[in-house]
Amino acid sequence: MKRAKKYKVGFIGLGIMGKPMVLNLIKNNFEVYFFARKKNIIDEVVMAGGNFISAIEEIPNYTSLSITNLPNTEDVKQIVIGKRGLINNIRKGYVVIDMSTISPHGAREINTNLNKKNSYFIDAPVSGGEAGAISGALSIMVGGDKKIYQKIKYVLMAVGKKITYIGDSGSGQVCKACNQILVAQTIQSISEIINIAKKSNIDPKLIREALLAGYANSKILDIHGMRMINSDFNPGFKLSLHHKDLKIAKKLTDQLNINLKGLNRVKQLMKLAEQANLSDLDSSVIHKVLEKIHN
């Protein structure tokens, strides 16, 4: 998606997901002004063509729009509306796109604060993991002012393949909560069928292969199923982050007076995995916890 440089884009949060997003923005001819703490990441992105800014609050002075991709709600609030946040230097019409997974309430709170400055907050959480971030094929779920979304959609197209406008501020985060519940429970189900295969003395690879050819086919069965079979839990998405997301989902369902037993169960499995010091591995590592339960 090569295009003339129109937007000078800020970016804060160059982790597993954020760094490849930045590199894709640069590849798509955006001028990127970024903040990062790790020297190796700074050097790599500068070498690719990015511009390092040492003070986060200065980024709006160079850009028309900023993107954040951070671990949790409080981090996003601090970076966007905190004492030394982006809000201090934003201009009328400035847009902040948050591609983190945070609470819907937090997204709405930030949006309200930016609106007071005649600027805008778009919540745009993503799905697709590290592989999707690298390939630029993320699924993006968008909440916020629809007219502003339409203006900045082409920026999202540099990092995502499927972009869906969900609704008003916070709606993207509600959709992401649904995504994280579905992914977590599917991971749990796949772990359980692998255990069925093993206890039946059947190669789980063969069952996975057969199921991929039918209605049970999914990216989770394909990617996470093989991770479980091979006991290779190098993180595409860390357990600690998925567990954090399920806590957000649980709070949302509580507010809606919905009791999801499946969510409660998989959230407990992730808690047990964290207690077993598996936090930095892929979230599919709950398979290890389930193996012990079923043995």
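Predicted model: local features only at pLDDT ≥ 70, side-chain atom pairs only at ≥ 80, totals over all residues.
Student: Which residue follows α10, and is its phi positive or negative?

Tutor: Asn257 follows α10, and its phi is positive, near 60 degrees. Residues are numbered from 1 along each chain as its sequence is written, and side-chain values use heavy atoms, with hydrogens and water left out.

Student: What span should the 17 residues of α10 have?

Tutor: The expected span is 1.5 Å times one less than the number of residues. For α10 this gives 24 Å, and the end C-alpha atoms are 24 Å apart, so the two agree.

Student: Which residues of α10 are buried?

Tutor: They are Leu239, His242, His243, Lys244, Asp245, Leu246, Ile248, Ala249, Leu252 and Thr253. Buried means under 20% relative accessible area, exposed means over 50%, and partly exposed lies in between (1.4 Å probe, protein chains only).

Student: What do the buried residues of α10 pack against?

Tutor: They pack against α4, α7, α11 and α12, where a contact means heavy atoms within 4.5 Å.

Student: Changing topic, how much space lies in the second largest pocket?

Tutor: About 240 Å³ lies in the second largest pocket. Its lining draws two or more residues from each of α3 (73-81), α4 (104-115) and α10 (239-255), and α10 gives the largest share, six residues. On a 1 Å grid over the protein atoms alone, a pocket is an open set of points with protein on both sides within 12 Å along at least five of seven lines, a cavity is a set where a 1.4 Å probe fits but cannot get out, and lining residues have an atom within 4 Å of a point. Points are joined across faces, edges and corners, and a volume is the space filled by probe spheres set on them.

Student: Which residues lie nearest the centre of that second largest pocket?

Tutor: Of its 15 lining residues, Thr73, Ser103, His105, Ile248 and Lys251 lie nearest the centre. By class, the lining has three nonpolar, six polar and six charged residues. Here Ala, Val, Leu, Ile, Met, Phe, Trp, Tyr, Cys and Pro count as nonpolar, Asp, Glu, Lys and Arg as charged, and the others, Gly among them, as polar.

Student: How many cavities of 30 Å³ or more does the structure hold?

Tutor: It holds one, and the largest cavity contains about 40 Å³ of space. Helix α7 (171-199), α8 (204-212) and α9 (219-230) each supply at least two residues of its lining, with α7 giving the most, four.

Student: Where does Ser284 lie?

Tutor: Ser284 lies in the loop between α11 (261-275) and α12 (286-294). Ser284 is buried because its relative accessibility is 0%. Leaving aside residues up to four places away in sequence, Ser284 touches Ile187, His224, Arg227, Met228 and Phe233. Three of these contacts, His224, Arg227 and Met228, are among the buried residues of α9.
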